[in-house]
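Dear colleague,

I am passing this structure on to you, together with some notes on what was found in it. Please look through the sequence and the model before you read further.

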Amino acid sequence: MLGDEFTEWCQSQKGTKEASREGLLGARSSTQADSGSSEDEAASEARSTTSECPSLLSTAAEESFGGDAVDEQGQQEDLEEKLKEYVDCLTDKSAKTRQGALESLRLALAAHLLPDFLLERRLTLADALEKCLKKGKGEEQALAAAVLGLLCIQLGPGPKGEELFHSLQPLLVSVLSDSTASPAARLHCASALGLGCYVAATDVQDLVCCLTCLEGIFSRSCGVGGSTAPVVPVSLQGLLCAALQAWALLLTICPSAHISRILDRQLPRLPQLLSSESVNLRMAAGETIALLFELTRDLEEDFVYKDMEALCSALRTLATDSNKYRAKADRRRQRSTFRAVLHSVEGGECEEETVRFGLEVLYVDSWARRRVYAAFKDALGSGMHHHLQNNELLRDIFGLGPVLVLDATALKACKISRFEKVFPFVFSPFLWPGALQGLGEKPWAASPQLTRPSLFVPPQHLYNAAAFKARTKARSRVRDKRADIL
């Protein structure tokens, strides 16, 4: 009798637990449904406020830009179809649609190499960009100028690229010189003018014309006399910085006969920009001064600047600046830059920087090379490494040789682990044959030359991370994954 009562009580408790579990599951599913509906409403609202260009709303476009598709040919075809839609949207009546298409084109040209596709449609693109620069306002003009710079990188220095640049150069100069135009549009026009002239212009007269136009932009902020520059509005500081950097880029290919005249004209005036309120403008001025000294010393080894003491004093002040009213990150960037500038101006060599991409290495060992790399990096963004690997123009500029052809198997074989990236000597099979079998062995036992084992042992936090990962995997095999719902 007592056993029957106990059985009924157990069954009732089991039913109560199942009911509570069903209630929790139902509440969870309803919550997910509510959150899903709210997400759908938010997505529909976002779609209604974005551009009307249909390609911008397609997930297939995102997959074509960064997906890991197995069929490369099919991926390339999908990408070209989306690019055709972008080009068609450039002539849409809606300014928002045109801006969306320009932004999508900019991202596509920075991330992919498409010379054949662009060669077939260069005239259409040139006409569309011309209309955007002429009739567009603000952001549309800025995006059109950015796309033009990327087109010059894609088409290269051949006759087609030169024709494209010559057709749009007057418009770039017009917008850049227009004081009533948007500062952002003028900024991007300055960058596009410098980059396009560097890549596509073959006539020295075109180079001199672009140099004169860019020089006229930032020279207005330099006083005729005195050690400080006039106060520049905050809205124009970015424009002056872009014009100065584009001007410095063109100096790297300027004939020696023009370098001496530019030095006599601008070197006494550029130090005035070192007192600017903008950290980017100060750094651009310092790097340009170092570039001028480097180019001049290539022509005259015994070159002596008459105001060297005053210039070095100003550079030394910026290299040791610790004013608290400046942002900490800005102070760090400024000190690092001006230490290198001061070292170079005083007669030293430019500090070498190493850029690793894929299996290759690029050495940036001069101020001219640094300026060229920075100009392409600003235009290409995260696609810089892809273009360094596959773009013949960039490989020719930086002396990287022909494009390396590697299959997926070779790339996978060259991939190294996280420990090898941090401590390559520890995991080298020549120094430590037993390194891959266990972390408890002594790496310095394999070679008597390794007298300081602390230099070759990974730090404790890497050991802890590896042990934690292994312990988690081992315990997950026997852990009960069913959640207890009370």
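**A buried arginine, a helix and a pocket**

R98 is buried, since its relative accessible area is 15% (buried means under 20% relative accessible area, exposed over 50% and partly exposed in between, with a 1.4 Å probe and protein chains only). R98 belongs to helix α4, residues 95-111 (helices are DSSP runs of H or I with at least four residues, numbered from the N terminus), and its C-alpha atom is separated by 9.6 Å from that of A144, which is 46 residues away along the chain.

Please keep in mind that this is a predicted model, in which local features need pLDDT of at least 70 and side-chain atom pairs count only at pLDDT 80 or more, while totals for chains, interfaces and linings use all residues. Residues are numbered from 1 along each chain as its sequence is written, and side-chain values use heavy atoms, with hydrogens and water left out.

The second largest pocket has a volume of about 480 Å³; a pocket here is an open set of points on a 1 Å grid over the protein atoms alone, where a 1.4 Å probe fits, with protein on both sides within 12 Å along at least five of seven lines, and lining residues have an atom within 4 Å of a point. The volume is the space filled by probe spheres set on the points, which are joined across faces, edges and corners. Of the 22 residues that line this pocket, L187, H188, S191, D378 and A379 are the closest to its centre. Two or more lining residues come from each of α7 (139-155), α9 (183-200), α11 (234-251) and α16 (367-380), and the largest share, six residues, comes from α11.

Helix α16 has 14 residues, and its buried residues include W367, R370, Y373 and F376. After α16 comes G381, whose phi is positive, near 60°.

There are five aromatic pairs, where rings of Phe, Tyr and Trp (its six-membered ring) pair if their centres lie within 6.5 Å, with planes under 30 degrees apart counted as stacked, over 60 as edge-to-face and the rest as tilted. The rings of Y373 and F398 are edge-to-face, because their centres are 6.2 Å apart and their planes stand at 70°. Since Y373 lies in helix α16 and F398 in the loop between α18 (392-397) and α19 (408-413), this pair ties together parts that are 25 residues apart in sequence. Y373 is buried at 13% relative accessible area, and F398 also counts as buried, at 3%.

With kind regards

Technical notes. Expected span 1.5 Å × (residues − 1).
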